[in-house]
Amino acid sequence: MKITNVEAMLCDGGWWPWIFVKVQTDEGVTGYGECSDNRVNPYGVVGCVKDLTPILIDRDPRAVEALYWEMYRLTRPNLGGVVQKAIAGIEVALWDIKAKMLGVPLYELSGGPIRDRVRVYWSHCGTYRALYSEQLGTPPLQTMEDIAKLGAEVVQRGFTALKANMVVPGNPSYTIWTQDGNLTRESAKAVELLISTLRGAVGDEIDICLDLNFNFRTEGIVHLARMLEPFDLMWLETDIYDPQALLQIRQATEIPICSGESLYTSRQYKPYFDLHAMDVTMVDVAWNGFSESRRIAALADICEIAVSPHNYYSHLSTLMSAQLCASVPNVRILEVDVDAVPWKDDLVTHLPDIREGYLYMPKGPGLGADLNEAEVAKHPWNPRTDTVKLQRLRGR
Ligand SMILES: [Mg+2]
């Protein structure tokens, strides 16, 4: 069995492109993977897949680890970033081929399923409605009453947990992003009002997380964490590239700390895990690959850290993340985006089975669904709109 073609495809995801990788073989079996970028470097990832293709052509796709480590070795001076994303998309597609050849779900190749279902949370709750209500066809989020209604909708639709960004309703509504890393009084008050409104709307039985992304430095994060302690958050999430600073934050608050989504490979996670600088770690299968995500989860497990897959892309990524959740013991909960462009469901041959706040593990061979390439082709990414969308994402 030989690889005959490798290619990356961009698909309009509404506010950024979804990136898919296809690996074809001489036996007619095709594997798919997703490695969507976080909005700014899609062509870097696509270009890197192209750069890696000569390593793969005419090779047996079933020797997944051999090909992974060869791609890793040859790109090692560029560890992480778009390179690891490209490797991840290819590696998942290789696993998809191997599992399809054997007629089993991918998790069976790692001794799974370790669980039949995994709890999910409604992520970016309000974020897309605040920024893209027109594209989504949802009512805009203009008032705190709208936020409360959204909280009620989360409960009504069966979710037991949600994660919010720093959404500020208004006309227009926006999300807080900083360039200088400073937490202003205005922002702190807006965040406190958001979380108190959500807590009031969902009651005491629903878990709430807040994601600060990279927006504040240690001082601001600690200030916000202490301010939010009365609201019993499941976690406060932040990205920060200094493990000692994250440990300082964790030790300064009662709220569990989640971090790590922008780290690549177990080597980048290790300094954080060695310090026990977080309670929950985000691991992105689309950015690390299946095997590397399992290694990160194993490393986290021996440091008593739970894993929550970072997953805010297409359904293919959700299925990839489900494979991880079916393969490792220390899973806390899985991220899923609920609000999306109308064609999201058309892009895969089988939708993830999400009911009453849980995702039930896919049963089909490989990832559990194929990419519907004809539908992907109907929604090409238009780079001319990219700049406009980026400007909107900056918020205020
Ligand atoms: Mg995050």
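## Surface and overall form

Accessible areas here come from the Shrake-Rupley method with a 1.4 Å probe. On that basis the chain of this predicted model exposes about 15,600 Å², and carbon and sulfur atoms supply 48% of that area. Of the 396 residues, 60% count as buried.

The chain has 14 helices and 15 strands. Its radius of gyration is 20 Å, close to the 21 Å that the globule rule gives for 396 residues, so the chain is as compact as a globular protein of that length. Along the principal axes, the C-alpha atoms fill a box of roughly 60 × 45 × 40 Å.

Take the contacts between residues at least 6 apart in sequence: 73% of them join residues at least 24 apart.

## The magnesium site

Three residues coordinate the magnesium ion: Asp211 through OD, and Glu237 and Glu261 through OE. The distances run from 2.0 to 2.1 Å. In sequence, the spacing of these donor residues is D-x25-E-x23-E.

Asp211 and Glu261 link distant parts of the chain, being 50 residues apart. Asp211 belongs to strand β8 (residues 207-211), while Glu261 sits in the loop between β10 (257-259) and α9 (265-275). Both Asp211 and Glu261 are buried.

## Helix α8

Helix α8 covers residues 243-252. Its buried residues are Pro243, Ala245, Leu246, Leu247, Ile249 and Ala252. In an α-helix there are 3.6 residues a turn, so residues three or four places apart point the same way.

The packing partners of the buried α8 residues are α7 (218-228), β10 and α9.

## Asn215

Asn215 is found in the loop between β8 and α7.

The relative accessible area of Asn215 is 2%. Buried means under 20%, so Asn215 counts as buried. With neighbours within four places in sequence left aside, Asn215 is in contact with Met166, Ile176, Trp177, Thr178, Gly181 and Asn182.

Notes
Residues are numbered from 1 along each chain as its sequence is written. This is a predicted model: local features need pLDDT of at least 70, side-chain atom pairs count only at pLDDT 80 or more; totals for chains, interfaces and linings use all residues. Side-chain values use heavy atoms; hydrogens and water are left out. Donors are N, O and S atoms within 2.8 Å of the metal (3.2 Å for Na, K and Ca); water is not among the atoms, so sites may look incomplete. Helices (H or I, at least four residues) and strands (E, at least two) are DSSP runs, numbered from the N terminus. Buried means under 20% relative accessible area, exposed over 50%, partly exposed in between (1.4 Å probe, protein chains only). The radius of gyration is taken over C-alpha atoms; the globule rule is 2.2 Å times the number of residues to the power 0.38. Contact means heavy atoms within 4.5 Å.
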